[in-house]
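This briefing covers a predicted model.

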Amino acid sequence: MDSLFELDDPSDWPDTLPHMRELDQLLRCPVCKEYFATAMVTSNCGHTFCSLCVRRCLTQETKCPSCRAPLTESELNPNRLIDSAVHTFKSGRLQLLAELKTAAQASLSAAHGESRKSNSESGPKRRRIGTRSTGITGNSDPNLKDKMSTRNAETVSMVDLTTSDVEQMITSDMDMTNSDDDRDVRLAPPAGKRDSRRASNSDDSDFMPDETSQPTRTRPAAGSQASVPCPNCQELVRQARINWHLDRCLAGKSTKEPTPVSMRKQAGPALVLQQASMTAKCVLPRPTKLAYSLLSEHKLRRTLKDLGIPTKGDKQQMQARHVEWVNLYMANADASVPVSHRLLLRRLAAWEEALARPADSSKPALETEGDVAEHAAKYADSFASLVAQARAVRAKPAKVAPDPLTLPL
Amino acid sequence: MYKSGGSTALKRLMTEYRELSLHSPEGITAGPISEDNFFEWEAVINGPPETPFEGGVFTANLSFPRDYPLNPPTMKFTCPMFHPNVYANGVVCISILHPPGDDPNHYESSSERWSPVQSIEKILLSVLSMIADPNDESGANVDASKMWRDNRDQYNEIVHDIVRKSLGL
């Protein structure tokens, strides 16, 4: 949910696919209008919401937001199937939309009689582009999403390119992708001996990427893949890498080679889990709901301190913060892959910042004609006296001014 | 690019803006006054046909709270308006705009009130039907309520005036 802004909504689907539009709509929370994040189903009325959304609503009113049947938080149950459905749907969505666009363009150009001599060529090519994006969509890195949308826009024009052009683009795209994954290197499983990859881009041809993502790539020549034993440590090393290996081996450095992209990608979901557990060093106590009216400001501040959340502000602010913290904490506990408490604290801060913003920055912008008129009416007296003052000041220089002008004449 | 963190409200307002600009219901146009501030919207409502308001074009401002959609926006007409459910200062009094907790008038069933699953589109449609069919039980503008009930001709005449004013005639 913390990914960059990308506005997608059911209207992305063309009118010719009403069912896809409806499915897209059904997989969204009726409160936030985004795809369900940790879906929870109500046990009474059977409505489904994001965990955080419904918990926030219930702090306001203990009723189901959809049908207003009485509802408490204990009547919420996780709906894991919806979570999985959302995950799968989101993964396929961009790919499908891109393919639809490509198909629409192809049929458009065919209708205009611009079709080239080898019209059949566009078929397999389109499929290749599509399968390639599967590999990317499967990646769990949220930073990639942004790039993905731009790349999908590129694929539309790719239809007109030759096969080699497309492959070149794919190669350069892969390199861009790699840089995003670099931070995951430490978590990736150790590189296999045969799975090693060239450090230099110039020799990319013998680097074997994810095979499923690039079915058309030809296998590299067997020569560069042949392994030879290292004369120093007897380890089997790929022939093309033997000099690099020897340099490091003799210098006593690690001979582990950089992890290939394919392995990092395959490890996607496992990585997320690992990452979450690695950063979850700060574990904060589970908060409980409080009867705020029975608590003094001092006691509430101490409770907040014990929970490890900020204690600034007055009682009202602390109370609002505590309510939001309980919701964030409980919603996170519902998730199949909870995030670290440190990240939760950041979300709490972001929530508070977003809530506080109107007071200073946006207020001046709200002034409408009506408000201006009201303001004018309210301060009519002050305006009148100010105008009188200004006139008096202007009257004086008016008397003085003609003198210096008339003097030279 | 904006990091989403705590801005559920902003994201939802942007989504609703997109939906409304793609498929806006008949007789209604709405959007943020400035793209810099998604919490202040302007709506243009066409007077519903076959009512005294027919032909008029009415402008209103919508102000959204930071915790939208937990709480509803407020709506205020920025043009002259004469209607039983609109205060003299232009503020619209309609059940869908009342937050779930408080019921100042003690007459609304909670099913008509604001809920986070409602939307801007639903608000504007409710206002449209309110214009066509006033609710004289909750008189925000007592004069208009009384006139609407007792002296419909005079009410229609004033409304015709307002329609002309709204068109700048």
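The points below are grouped by topic.

**Chain B overall**

- Four helices and four strands make up the secondary structure elements of chain B.
- Their order along the sequence of chain B is α-β-β-β-β-α-α-α.
- Of the 169 residues in chain B, 41% are buried.
- Among contacts in chain B with a separation of 6 or more, 50% join residues 24 or more positions apart.

**Glu235(A)**

- In chain A, the loop between strand S4 (227–229) and strand S5 (236–238) contains Glu235(A).
- Glu235(A) counts as partly exposed because it has 13 C-beta neighbours inside 10 Å, and a residue is buried at 20 or more and exposed at 12 or fewer.
- His245(A) is 10 residues from Glu235(A) along the chain, and the C-alpha atoms of the two are separated by 9.7 Å.

**Helices H11 and H12 of chain A**

- Helix H11 (residues 297–307) of chain A packs against helix H12 (residues 315–334) of chain A at an angle of about 35°, and their axes are 10 Å apart.
- H11(A) and H12(A) form a left-handed crossing.
- On the H11(A) side, the contact is made by Glu297(A), Leu300(A), Arg301(A), Leu304(A) and Leu307(A).
- On the H12(A) side, the residues they meet are Lys315(A), Met318(A), Gln319(A), His322(A) and Trp325(A).
- Sorted by class, the contact of H11(A) with H12(A) comprises five nonpolar, two polar and three charged residues.

Technical notes
Residues are numbered from 1 along each chain as its sequence is written. Chains are lettered from A and ligands numbered from 1 in the order in which they are written. This is a predicted model: local features need pLDDT of at least 70, side-chain atom pairs count only at pLDDT 80 or more; totals for chains, interfaces and linings use all residues. Helices (H or I, at least four residues) and strands (E, at least two) are DSSP runs, numbered from the N terminus. Two residues are in contact if their C-beta atoms, placed from the backbone, lie within 7 Å. Axes are lines fitted to C-alpha atoms, for helices over the stretch in contact, and angles run from 0 to 180 degrees between N-to-C directions. A crossing is left-handed if the near helix is turned anticlockwise from the far one by less than a right angle, and right-handed if clockwise. Ala, Val, Leu, Ile, Met, Phe, Trp, Tyr, Cys and Pro count as nonpolar, Asp, Glu, Lys and Arg as charged, and the others, Gly among them, as polar.
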